[in-house]
Amino acid sequence: MLAVLQKQWHRLTATRGRRVYIMPSRAGYGYAALILLMLLGAINYNNSLGHLLSFLLAGIGHVVMHHSYRNARYVECRPGQPQPVFAGQALKLPIYLDNPRNHALTAIDIAYCQNVTKRRWNPLQNFSQYQTLARAEQIPGQQSLLLQIAIPTDKRGWQDLGRLRLSSVFPLGLFFCWSFIDSNRRALIYPKPEGQLPLPDTGSSGVKQQQLQQAGRDEFAGFQKYRVGDARHQIAWKALARDDVMRTKQFSQPKGSQLTLDWQAVADLTGTEHKLSQLCQWLLQADAAGRSYSLSLPNLQIASGLGDAHRQQCLKALALYDQ
Amino acid sequence: MTNKPIPQSVIIWLMAALSISALPHLIYQPLWVAGLFVLMMSWRVMHHWRGWLLPVQKRSLKWLHSLGAVLTIVLLFANYGLTIGRDAGVALLTVMLAFKVVEINNHRDFYMACFLGFFLVTTNFFYTQNMLVVGLMIGVVIMLTASLIHINSPVLSSKARLKLAGDMVLQALPVMLVLFVLFPRIPGPIWGLPADANAGSEQLPDGMTLGSSSRSAGSTGMSDELLMGRISEVIQSDAIAFRVEFADDRYPPNNQRYWRGPVLWTTDGTGWRPLDRDIVNQFSPALSVTSEAYRYTMTLEAHNRNWLFALDMPTDKQSAMSTNFTADGLLTSEQKLRSRSQIELTSHTQYLFNAEKEPLLKAALQLPANQHPRTKQLALELRQASQDDADYVQTVLNYFNEQPFYYTLRPAALSGDTVDQFLFESKEGFCEHYAASFAVLMRAAGVPARIVTGYQGGEINPVDDVMVIRQRDAHAWAEVWLPFKGWQRVDPTAAVSPNRVEMGINDLLPDSRRSPAFLGGNLGLENLWQDVKNNWGALNNAWDIWVVGYGPALQKALLSMLGMQQPDWQKMVLWLAILISLIFSVIALLMLWQKPIADPVQRYYQHFCHKLAKSGVQREAHEGAQDFAQRAAARLPEQQAQIGKISALYRRLRYRQESTLLDEFIKAVKQFSTRR
């Protein structure tokens with residue numbers, strides 16, 4: 001029974017489009033109190049023009065409500081896809097704001113709430129969880145605006161971007177008008193790279209010792225045809241200029257210097273997160289050094305490799321480990 | 001939002017608005033109010049201009065600022081005493097607002113100052129309610145609104161801000177009008193009023209005194225005990241006392257226009273005062289009328305007294321106002337006139353008042369012993385020369401007429417026995433002097449007499465036929481009681497200066513009071529000036545009656561006129577709700593409605609997209625027409641053909657300008673339906 005009602009309700013809200021809410025702001029309540037006070041004074045003194053001014057202000061309050069609604073009602077919001085970041089870094093979420101109207105929309109605030117799931121019974125308390133991250137001062141009629149908001153991150157893994165709140169108090173700050181946008185987006189957060197352990201360079205970690213020739217950068221070993229994902233600094237630009245074929249320079253590495261980022265190597269560290277952080281740190285160091293590396297997690301093995309695609313694959317594996 | 005810093009230029013706007021609304025107050029308030037106001041405003045201006053520090057930026061300045069606020073309170077008490085009345089309240093608000101402006105630091109302060117600014121505008125209405133002040137009100141409201149817009153959006157230009165504020169004020173007018181007309185008016189006051197609530201600058205005193213004390217004792221003259229000869233001061237004022245609209249355009253002739261105010265009985269030799277109300281109210285008047293009646297509607301300005309200034313003897317009252325007609329012929333209201341009030345009356349100018357018997361005869365013969373010896377002597381001589389009391393009245397009037405008495409608004413100061421000095425030495429004065437000395441002459445000869453104060457005259461504005469009685473028409477005359485004739489009006493001033501009564505005070509005023517000097521006495525220009533003045537007067541008259549005077553009584557009358565039967569607050573609130581919802585919807589429609597796109601191709605294509613969106617295929621912003629059509633066709637296979645046709649037509653219309661296809665396109669879109 002309840003489920004049927006709920007379904008109907010969802011259908012109704014879906015067809016009605018976004019809901020826009022409007023409430024008097026604190027200044028708005030002050031304004032109402034001011035009008036009341038003025039009216040009382042006017043009545044007490046039998047002052048006709050005192051009545052007139054109170055009524056003019058009441059009329060302005062009424063008109064402002066319409067202006068405020070119109071300003072916040074029509075703004076359309078399309079969140080873009082954010083690039084993955086490391087935990088603790090700010091996630092940069094691009095947001096397109098469209099104004100389908102002929103008039104400009106002014107002073108639109110974008111606020112973000114990390115944990116929408118924690119609903120409170122008092123709807124006003126939900127507000128304090130929202131944090132204003134950016135403001136579109138003006139979106140001219142029939143135009144769009146690209147904003148970028150920085151969302152704080154703290155945990156690795158998928159982060160649901162949840163809800164954005166578009167709000168405005170324009171024009172007089174007497175009414176607070178807002179609507180919610182469900183971003184329907186999630187962002188990948190890599191583990192925070194940290195840890196003091198040195199790179200496990202010794203080769204004693206015992207994985208794939210038979211691979212003697214590993215792509216490294218110590219001694220030049222010839223060209224290889226470019227493959228997507230190869231590091232840019234390895235591209236043979238001069239050769240490319242000569243005959244328009246993309247090649248990468250291959251280097252030979254002494255036996256045993258290949259890098260294996262092994263879960264066992266960080267076994268001494270306490271806590272999964274610390275282990276992942278250390279692995280992440282090594283991974284970045286290896287990548288920066290241009291050395292190939294493989295990743296070995298208890299549930300996952302990634303073969304040795306180099307380049308953006310490889311790095312992302314490994315980082316993703318770290319981010320989603322055990323999730 | 002509360003602690004955000006604010007753009008600096010917005011404060012300049014706020015200060016401009018506040019200064020304009022404070023300006024009328026600064027003129028009459030004590031000098032220190034204006035001084036502190038200007039000082040504080042300059043401080044803030046110098047902060048912008050030269051970077052002077054504000055109280056929040058330096059501790060010592062903060063102390064100075066607080067000290068200034070304390071000083072204000074001290075000055076306020078020194079100036080106005082311990083009770084906060086109207087003037088003191090306004091002084092406090094004005095100065096405190098200026099102190100606040102220096103402190104404005106965040107949004108919250110700003111809103112506070114802005115709201116107090118709105119309040120400051122209202123306070124102007126406690127002093128004047130003319131059209132000029134309303135203009136000022138609208139200007140200040142627009143400026144304050146613009147500054148509120150500024151603080152919420154710093155990117156708008158000042159022109160755009162002012163335009164938006166002006167638009168909002170314009171759009172607010174319908175609600176304002178409906179509320180003004182229909183909001184149930186409650187007769188105030190709800191709580192007590194300060195003593196100076198409706199104090200005008202001039203009004204008729206309730207007693208009078210001859211001689212020099214009139215100016216030296218200050219000029220309050222409001223207390224029942226103080227007797228001030230303020231009529232001559234009142235005459236200096238062109239302020240309107242009341243307006244009268246006569247029914248059927250029948251006006252009394254100028255020499256019959258006596259508007260009765262307080263009746264003065266008791267004298268101590270220099271001053272005159274009314275009898276105690278309790279004594280007078282023990283009796284009731286006996287009035288019989290002989291002449292035709294005048295019907296008229298009076299609109300009295302608030303004067304915080306009970307007097308109603310009826311034309312001579314009021315015999316009938318058509319209004320609901322509860323009044324009392326006293327035994328000395330004064331029409332009073334139960335309530336003090338705290339606001340402009342209207343009353344409809346019928347009066348007669350020929351009458352017999354207490355002809356059979358006057359219960360207060362003794363009071364009408366009272367004279368202080370051992371005073372006015374020369375006057376008493378003269379009275380006896382003149383009485384002996386006359387046949388009876390009526391003849392004696394005429395003899396005294398002749399005496400005034402034949403002796404070299406002069407009517408002047410600026411008589412020489414009198415001292416000592418003022419009546420004797422006036423009659424035998426200075427021989428120059430105005431109505432007060434003549435009325436008082438005449439009454440003394442009467443009483444000294446045993447003829448009962450009293451003084452009536454009020455207004456004499458009145459100018460008819462040819463534009464709206466309303467008679468305007470101004471403070472300068474204030475007058476005092478005498479009444480004598482003769483057996484079987486009752487109280488008879490005798491105006492000794494008329495014996496000295498017939499013009500005063502025949503033509504009104506206007507002719508006796510210096511030319512500069514009548515028309516401005518720059519017209520140079522040019523008759524054509526002066527007539528034009530008079531025309532302008534008449535029209536302006538009529539406009540003000542309508543304004544005063546319909547807008548300023550709009551109260552519970554007028555509201556009922558107007559609503560009945562508009563067809564509401566027996567208006568009460570329930571009906572008013574109901575209509576208010578209906579009309580406000582109507583305005584609400586109209587404004588919402590006007591604001592949310594958007595002009596359709598001019599290009600029909602574009603418009604109908606959007607129509608088509610809308611239809612598809614309803615069935616769940618939303619066109620993305622980045623999606624071209626063709627891609628969208630393919631996606632839509634995949635989702636709605638049954639409409640595939642139609643979708644393909646419409647988008648093909650659209651592309652040909654839009655990108656190949658084959659405008660002949662328009663009709664076909666429109667028809668296809670209209671027929672298109674996603675329903676099965």
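In the predicted model, 50 residues of chain B are in contact with 42 residues of chain A; two residues count as in contact if their C-beta atoms, placed from the backbone, lie within 7 Å. The elements of chain B that give two or more residues to the side touching chain A are α5 (107-125), α6 (131-152), α7 (158-182), α18 (523-548) and α20 (569-592). Helices (H or I, at least four residues) and strands (E, at least two) are DSSP runs, numbered from the N terminus. With 10 residues, α7(B) gives the most to this side of chain B. The residues on the side of chain B that touches chain A comprise 37 nonpolar, 11 polar and two charged. Here Ala, Val, Leu, Ile, Met, Phe, Trp, Tyr, Cys and Pro count as nonpolar, Asp, Glu, Lys and Arg as charged, and the others, Gly among them, as polar.

Residues are numbered from 1 along each chain as its sequence is written, and chains are lettered from A and ligands numbered from 1 in the order in which they are written. As this is a predicted model, local features need pLDDT of at least 70 and side-chain atom pairs count only at pLDDT 80 or more, while totals for chains, interfaces and linings use all residues.

Chain A has seven helices and 16 strands. Of its 323 residues, 37% are buried, where a buried residue has 20 or more other C-beta atoms within 10 Å of its own, C-beta atoms being placed from the backbone. Among contacts in chain A with a separation of 6 or more, 72% are between residues 24 or more positions apart.

An open sheet of three strands in chain A has the order β14-β15-β16, with mixed pairing; two strands pair if DSSP finds at least two bridges between them. The edge strands, β14 and β16 (300-305) of chain A, each pair on one side only. Strand β14(A) (residues 259-262) runs parallel to β15(A) (residues 293-297), and four bridges join them. In this pairing A:Leu259 stands opposite A:Tyr293. Four bridges also join β15(A) to β16(A), but these strands run antiparallel, and A:Tyr293 stands opposite A:Gly305 of β16(A). Helix α6(A) packs on the sheet, touching β14 and β15 of chain A, and its direction makes about 165 degrees with that of β14(A). Axes are lines fitted to C-alpha atoms, for helices over the stretch in contact, and angles run from 0 to 180 degrees between N-to-C directions. Helix α7 (residues 308-319) of chain A also packs on the sheet, touching β15 and β16 of chain A, at about 160 degrees to the direction of β16(A).

Chain B has 24 helices and 19 strands, and buried residues make up 37% of its 676 residues. Six strands of chain B form an open sheet in the order β8-β11-β7-β2-β17-β16, with antiparallel pairing. Strands β8 (313-317) and β16 (459-461) of chain B stand at the edges with a single partner strand each, so one side of each is left without a neighbour in the sheet. Neighbouring strands of this sheet are turned by 35 degrees against each other on average, direction ignored. Within the sheet, β7(B) (residues 293-300) and β11(B) (residues 341-348) pair over eight bridges, and B:Thr299 has B:Gln342 of β11(B) as its bridge partner. Helix α18(B), one of the elements that touch chain A, lies across β2 (240-246), β7, β16 and β17 (466-470) of chain B and runs at about 90 degrees to β16(B).

Terms used. A residue is buried if 20 or more other C-beta atoms lie within 10 Å of its own, exposed if 12 or fewer, and partly exposed in between; C-beta atoms are placed from the backbone.
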